[in-house]
Amino acid sequence: MAKKVVTLGEIMLRLSTPDFKRFVQADIFDVTYGGGEANVAAALCNYGLQGTFVSKVPDNPIGQSAINHLRRYGVDTQFVARGGKRLGIYFLETGASMRASQVVYDRADAAISEAEIKDFDFDKIFDGASWFHTTGITPALSDSAAALTEAALKAAKAKGITTSIDLNYRKKLWSKEKAKEVMTKLCAYVDVCIGNEEDAETTLGFKSKGTDVTKGELNLDGYKDVFQQMKEKFNFKYIASTLRESHSASDNGWSALVYDGNEFYHTKQYEVRIVDRVGSGDSFASGFIYGLVTEMAMKDAAEFGVAASALKHTIPGDLNHATLSDVKGLMKGDASGRVQR
C-alpha cells in the first residue's frame, strides 16, 4: 500500500488573467483551484503516494468544485469538513520581464478560517499516516486556524508521525510580530522545516547575512549560519530552503540548500524560464517529502525536490503535473526540452 501523507490547509479559487494581461485589461479570467497544502497533496498523489487533504469548505457548489478538482488528481478528501460562509479567492496577474506578478486576496471569512478542532477527528485522519505537512499560511488566517494547526501537529507527534512545515510568510495576512509569536510555538512540534530566506527571517527571526533577494544575490555561508541557529533552537531533523535568484519576472535561478545537523548540501541550480511560478515552493516541499518518505538519502531527496519544482515553473496553474519520469529524467540531466516522439 502506498504511504499516506496528510496535509492541512486552505484551498482557494484562483482567478488569473490570461496571456500576461494586467488586471485592468482583463475581460475574462482563467479558473483553477489551489493552496499550499492542497498542492502538496496533489503532487504526492502524482508520484504514487496517498495524499490526504484536510480542510473546511463551504457546503455549496463552489466548495464542491474545489473538492472535485483535487479528487480529479487522486487526492483523498474524505476528511474535508463542510460549512462556513465561503471559499477564499485569489486573483493573479502574471508578470513578465521587469514587471512583477501581483496577487490580490479576497479570502476574509473563508470557511477554513472559521474551522474548529471539533470539526476533525485526528485519530481517524492520522490512522496509517507516515507524514503530516502544513504551512505558515494556515495559522495566519485566524486564531482558530492557528489553534487547529497546533492541535493537528500535536496529534501527529503523539502518533509518532513525521511532521513538516513550510514557513510561507504572507505579509498580507499577518504581521511579522504575530507570525514570529505563532510560528515559534508551532515549530516546537516540527521535524522538517522548509522555507526560503525571507520566511526564515520574518517568521522565526533568523537572517542570512549578505543576501538581498531584490538583487538576486545569495550567500550560502549566511544560510549555513542560519540553519545552525535553527537546528540549535528547534532541533529540526532536516532544514531546507529553496534559493531563488530573481534575474527578472521571467527568468530565475533555482536551487536548494538542505541541512541535517551534520552536512550542508547545495543542489544543482536550474535556470528556469517562468510560465507560472505560483506553487513552485509547494512543488519543492512535495518533492522533498516524497524523497524522504520513500527513504532517499537527504541529497537525493533535495535533488528530486528541486527538479520537480523547476518543472513546475513551466506548468500553468497551482498544481505540479510533472510525472515521476519527468522529474527523474531532469535529475539525470535531460533539460533539452526536445519534443518527445
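What follows is a short briefing, grouped by topic. Keep in mind that this is a predicted model. It holds 0 disulfides, and helix H5 and helix H6 cross at roughly 85 degrees. Beyond that, we'll stop at several buried residues, Asp318 among them, and at a couple of spots where the backbone has a positive phi, including Asp19.

**Cysteines**

- Let's start with the count: the structure has 0 disulfides.
- Take Cys187, whose closest cysteine sulfur sits in Cys193, 5.0 Å away. A disulfide needs the two sulfurs within 2.5 Å, so that gap is too far for a bond.
- Cys187 is buried, with a relative accessibility of 0%.
- Cys45 counts as buried too, at 14% relative accessibility.

**Where two helices cross**

- Two packed helices are described by the angle between their axes and the distance between the axes.
- For helix H5 (residues 176-186) and helix H6 (residues 197-204), the axes come within 6 Å and cross at roughly 85 degrees.
- What kinds of residues make up the contact of H5 with H6? They divide into 3 nonpolar, 3 polar and 2 charged.

- You'll find Asp318 in the loop between helix H9 (298-312) and helix H10 (324-331).
- Is Asp318 buried or exposed? With a relative accessible area of 4%, Asp318 is buried.
- Its side chain makes a polar contact with the side chain of Arg14 at 2.9 Å, and another with the side chain of Tyr90 at 2.5 Å.
- Leaving out residues up to four places away in sequence, Asp318 touches Arg14, Tyr33, Gly34, Gly35, Asn39, Tyr90, Val278, Gly279 and Lys312.

- Leu49 sits in the loop between helix H1 (36-46) and strand E4 (50-54). Its relative accessible area is 10%, so Leu49 counts as buried.
- Beyond residues up to four places away in sequence, Leu49 touches Ala2, Lys3, Val5, Leu44, Tyr290, Val293 and Thr294. Its C-alpha is 13 Å from that of Gly128, a residue 79 places away along the chain.
- Phe53 belongs to strand E4, and at 0% relative accessibility Phe53 is buried.
- What does Phe53 touch, apart from residues up to four places away in sequence? The list is Thr7, Gly9, Glu10, Ile11, Glu37, Ala38, Ala41, Leu70, Val75, Asp76, Thr77 and Val80.
- His69 is part of helix H2 (residues 61-71), and its relative accessible area of 13% makes His69 buried.
- Once residues up to four places away in sequence are set aside, His69 touches Thr32, Tyr33 and Leu319. The C-alpha atoms of His69 and Tyr33 are 7.0 Å apart, though the two are 36 residues apart along the chain.

**Tyr238 in strand E12**

- Tyr238 is in strand E12 (residues 238-246), and with a relative accessible area of 18% Tyr238 is buried.
- Not counting residues up to four places away in sequence, Tyr238 touches Asp191, Val192, Cys193, Tyr259, Asp260, Phe288, Leu292 and Met298.
- How far apart in space are Tyr238 and Gly83? They're 36 Å apart, C-alpha to C-alpha, and 155 residues apart in sequence.

**Positive phi**

- Most residues other than glycine have a negative phi.
- Asp19 has a positive phi, near 55 degrees. Asp19 lies in the loop between strand E2 (12-16) and strand E3 (30-34), and a relative accessible area of 66% makes Asp19 exposed.
- Asn168 also has a positive value, with phi near 40 degrees. Asn168 is in the loop between strand E10 (162-166) and H5, and at 9% relative accessible area Asn168 is buried.

Conventions. Residues numbered from 1 in each chain as written. Predicted model: local features only at pLDDT ≥ 70, side-chain atom pairs only at ≥ 80, totals over all residues. Heavy atoms only, no water. Buried < 20%, exposed > 50% of the residue type's maximum accessible area, 1.4 Å probe, protein only. Axes fitted to C-alpha atoms, helices over the stretch in contact; angles between N-to-C directions. Helix = DSSP H or I, 4+ residues; strand = E, 2+ residues; numbered from the N terminus. Nonpolar A, V, L, I, M, F, W, Y, C, P; charged D, E, K, R; others polar. Polar contact = N/O pair within 3.5 Å; in protein donor to acceptor, adjacent residues only side chain to side chain. Contact = heavy atoms within 4.5 Å.
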